[in-house]
Amino acid sequence: MSVTTETRGLEAVQAWASDLPQAFTKAAAGKVLDVSQQTASNVEMVMPVDTGWASRRWGNPAEYGLWEVSDDGLMIEQGSDLSVINMFEYIKKLNEGSSMQAPAGFIDVEADKAGDRLEGQLNEIADMVE
């Protein structure tokens with residue numbers, strides 16, 4: 001299971017990145033980071049808690065590698081390759097609905113919200129350029 005945010009706004013930024021000033025790309029990457037950090041916090045807040053193991057590891061790049069930045073910061077993936085990392089199977093099962101504390105797909109809901117927020121913010125940047 002992986003949470004990847006892809007939006008029309010992000011695709012537009014990536015397509016224009018080679019022709020736009022570096023400041024524009026940096027601004028877009030800043031928006032991606034802001035939304036990603038907020039999403040990590042949101043997932044941690046809605047994640048079921050028994051021991052706190054799962055919520056402490058979600059979106060914690062330094063400790064467990066559930067955070068991958070690529071494309072000069074224009075893409076941040078949380079929860080990458082959870083299906084092949086045994087110690088994160090528990091988070092996958094939580095998202096599938098194994099706990100009564102959160103509905104199935106709670107991570108997916110936060111990813112959808114993040115996509116909407118990011119698209120709006122990137123469209124604002126794009127409108128300034130047009």
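**Close-ups of the predicted model**

**View 1. Helix 2, end to end.** Helix 2 covers residues 22–46, so to speak 25 residues in one run, and spans 36 Å from first C-alpha to last, close to the 36 Å expected at 1.5 Å a residue (that expectation is 1.5 Å times one less than the number of residues). Helices here are DSSP runs of H or I with at least four residues, and strands are E runs of at least two, numbered from the N terminus. This is a predicted model, where local features need pLDDT of at least 70 and side-chain atom pairs count only at pLDDT 80 or more, while totals for chains, interfaces and linings use all residues. Residues are numbered from 1 along each chain as its sequence is written, and side-chain values use heavy atoms, with hydrogens and water left out.

**View 2. The buried residues of helix 2.** Among them are Phe24, Val32, Val35 and Val43, along with Ser36, Thr39 and Asn42. Buried means under 20% relative accessible area, exposed over 50%, and partly exposed in between (1.4 Å probe, protein chains only). Across the protein, buried residues are 44% of the 130.

View 3. Asparagine 95 sits in helix 5 (residues 89–95) and counts as buried because its relative accessibility is 5%. Its side chain reaches the backbone nitrogen of phenylalanine 106 at 3.2 Å. The asparagine 95 side chain also makes a polar contact with the side chain of aspartate 108, at 3.3 Å (N or O atoms within 3.5 Å; within protein, one must be able to donate a hydrogen and the other to accept it, and sequence neighbours count only if both atoms are side-chain atoms).
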